[in-house]
Amino acid sequence: MKVKLLFFAGLREQLGTSGEEIELPAGVTTVAGLRAHLRGRGGAYELAMGDKKLLRAAVNQDMAAPTARLKAGDEVAFFPPVTGG
Amino acid sequence: MKISVQREDFDLGSEVRDLSKSTRIGAIASFVGVVREVAMSLEHYPGMTENSIRKIAEEAAARWKVMDCTVIHRYGDLEPNDQIVMVAVASAHRGDAFAACEFIMDYLKTQAPFWKKEHTPAGPRWVEARASDDQAAERWKFKPGAMKP
């Protein structure tokens, strides 16, 4: 199944892209699973999305926990903790 | 209820005047956040930003007697002294207006998808989230209505 990936702020700069369409490999069904899959690409992804990096995620524009399940067509965003206000 | 995410500046006085004219309103509390010391660029997540602020304002209206409310948050390039954000809450009494206004700001700081990049003399740097902001939002979870009159 396909999902739309988005990256924001420092994470977007580190990865050098604001997002992509991605076909999820079988077995990747959650936000945490997707993060681990992306980290597995190595290079900038390993650095920017490693376990020690504090990241937040949103699914379909709602803040989502690592355990949130994904379905085809979802918009999944990863970003650093927010700093507005 | 008015929620706006915009590049342009805002005028607190006119926004307050534009709040509901219900004669049951007896108190309007407002807050303005201003850029301190360093110029910055504010990035946001179009679509999610407006939705998340609306949810926070609706949550405030569920907890306190909010009769109208306006939240404006700017994005783009901002200079020291520029206004960043404003919240204005109209209620029957000041207790609800103050509490709802503070609640909206505390939650906005940890839930609304904005990111500040400061342009320091040493170069640009992304502002790191502060634990104290999380704590400010967290206290409303454990003591809902603690600031009610």
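## Exercises on a predicted two-chain model

Chain A holds three helices and five strands. The model is predicted.

**Exercise 1. Determine the order in which helices and strands follow one another along chain A.**

Solution. Start from the inventory: five strands and three helices. Then read along the sequence. The pattern is β-α-β-α-α-β-β-β.

**Exercise 2. Decide how the radius of gyration of chain A agrees with that of a compact globule.**

Solution. Take the chain length: 85 residues. A compact globule with 85 residues would have a radius of gyration near 12 Å. Chain A has 12 Å, so the value agrees. The C-alpha trace spans about 35 × 30 × 20 Å along its principal axes.

**Exercise 3. Find the share of buried residues in chain A, and the share of contacts that join residues at least 24 apart.**

Solution. Begin with burial. A residue is buried if 20 or more other C-beta atoms lie within 10 Å of its own. In chain A, 28% of the 85 residues are buried. Now turn to contacts. Consider those between residues at least 6 apart in sequence. Of these, 53% join residues at least 24 apart.

**Exercise 4. Describe the side of chain B that touches chain A.**

Solution. Count both sides: 21 residues of chain B are in contact with 14 residues of chain A. Assign elements on chain B. Helix 2 (48-63), helix 3 (94-111) and strand 7 (114-120) each supply at least two residues. Helix 3 of chain B gives the largest share, five residues. Finally, sort this side of chain B by class: twelve residues are nonpolar, six polar and three charged.

Key:
Residues numbered from 1 in each chain as written. Chains lettered and ligands numbered in written order. Predicted model: local features only at pLDDT ≥ 70, side-chain atom pairs only at ≥ 80, totals over all residues. Contact = placed C-beta atoms within 7 Å. Helix = DSSP H or I, 4+ residues; strand = E, 2+ residues; numbered from the N terminus. Nonpolar A, V, L, I, M, F, W, Y, C, P; charged D, E, K, R; others polar. Rg over C-alpha atoms; globule rule 2.2 N^0.38 Å. Buried ≥ 20, exposed ≤ 12 C-beta atoms within 10 Å, placed from the backbone.
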